[in-house]
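Biologist: I'd like to learn how to read the place where two chains meet. Can you walk me through it?

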Amino acid sequence: MPDKTIQFEIVTPERTVLKEEVLQITVPTTTGEITILPDHIPLVSVLQPGVIEVKRPGNIQEIMSVSGGFIEVMKDKVVILADTAERADELDEERIKAAHQRAEELKKNAKFVDDVQFADVTAKLEKELARFRAVNRWRKLKNTDHKN
Amino acid sequence: MAKTKEISRRIKSIASTKKITKAMEMVAAAKMRKAIEAVLKTRTYANLSWETVLHLARLSENEAGRSLHPLLSRRPDLKRVAVILITSNRGMCGAYNSAIVNKAEMSVKRHQVATDFILVGKKGTIVHPHGHNVAAEFEKSDILTDVRDIYPIIRSVLNDYQNGKYDRVLVAYTDFVNPVKQVPRVKQLLPIELEKTDEYLGLAGRGSRAAVSQEFLEQKEQQHLTSDGLFFEYKFEPDPRTVLDSMIPRLLEIQLFQAFLEANASEHSARMTAMHQATEAASDMVSELTLFYNKARQAGITAEIAEISAGANALAN
């Protein structure tokens, strides 16, 4: 019997990042990381910056970074409305490291700015951190694949 | 000879006007390309998020969920309505502005309630002399790229709505269908509810664009939320209030942002079309006038020859 799948769609204001039939999805919500399997109870929750892991049929895993957004779970359909999201295979590790460092420095130096700017900087930092973690996770997965 | 001179002067002036309209057409075309790209990029997100919001609004109408969120519940009496009217900053775009202003005024007339206009774009000031009340005027940039540009607008509107100054917020914008077709629309932003009337159905259309309608949502529920005739209810984590508090304003922002992008794309396409027509009209006039010019010139030459030969004849005799 083929495995049950979920229609999964993740969109940002810029584009549709992924639209696939998947087996399971792991997302970081504000109350902790959750994994969604088929026939999950309908759920609406808020995402926090972090890593999304998706398992597709054929043992393919997708890693994505997300900087916040919302998730709507229906019985056999999951929609993620993300603020920004990137797939790990699109991310360039070196550049992310640099961006992450830049964001850190910005935060250090920007002590006297107003609230809005501070929130901006923090959001940026969290976004870069999420990307960074996504890439790390992705690399780890690839390495274990090679060993097998 | 005087006549030909006059005609040639007119030809020159029309030709230079044509150059200007041609240039404006090119500029509008370039801006339109950018605007269309932006509008298409956000459309999926905006449609999906609107779908989610409407869905929640529908579910909140179930007896238990009535008080799910203040922004989702309809108010019993309608005292004051706000209309966000999106127009262009400059003219030369055909019937773009008059179409949307007419549409907005028509829907105001039908409502028969006190209405405040919130204007975005300079050309909206036309509603002043029409005797409408204007609550605020916001500036609009020609190319909109950042959602943050509209934060001031959405914040002031949300505040006024929550304070009870307005009981309903509409947004009047021009929906971009394709470069030659734009449809003026009035869409209800607040409270979030689904009405059967076409104009409140949002960024909907047929085909590639998700048609968000009552039937669509029912179908979606049928497909994804029921099992053996039993109906699932949404679970909110951590709790409904927290989720909806952060979700609804964000989704409203996106909705308004999308309306702005649609309006921008429409404006630039309308201007491009108008300028294209102007260029064509100028070409027609030039060729017509050239014909007149040639005729006049020929007539002048003929008359001169006739005069000369008449003079020569008179001398010979």
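Biologist: How many salt bridges are there between chain A and chain B?

Modeller: A salt bridge is a side-chain nitrogen of Lys or Arg within 4 Å of a carboxyl oxygen of Asp or Glu. Here the count between chain A and chain B is one. A:Asp83 makes a salt bridge with B:Arg250, and their closest N and O atoms are 3.2 Å apart. Bear in mind that this is a predicted model, where local features need pLDDT of at least 70, side-chain atom pairs count only at pLDDT 80 or more, and totals for chains, interfaces and linings use all residues. Side-chain values use heavy atoms, leaving out hydrogens and water.

Biologist: Which elements of chain A touch chain B?

Modeller: Strands are DSSP runs of at least two residues, numbered from the N terminus. Strands E1 (6-11), E5 (43-47), E8 (69-74) and E9 (77-82) of chain A each give two or more residues to the side that touches chain B.

Biologist: How many residues does each chain bring to the contact?

Modeller: Contact means heavy atoms within 4.5 Å. Chain A brings 29 residues and chain B brings 29 residues.

Biologist: And how much area do chain A and chain B bury between them?

Modeller: Buried area is the accessible area (1.4 Å probe) that two parts lose on being put together, summed over both. For chain A and chain B that's about 2500 Å², with 64% of it on carbon and sulfur atoms. On chain A's side, A:Pro13, A:Val44 and A:Phe70 supply 24% of the area buried against chain B, more than any other three residues.

Methods. Residues are numbered from 1 along each chain as its sequence is written. Chains are lettered from A and ligands numbered from 1 in the order in which they are written. Helices (H or I, at least four residues) and strands (E, at least two) are DSSP runs, numbered from the N terminus.
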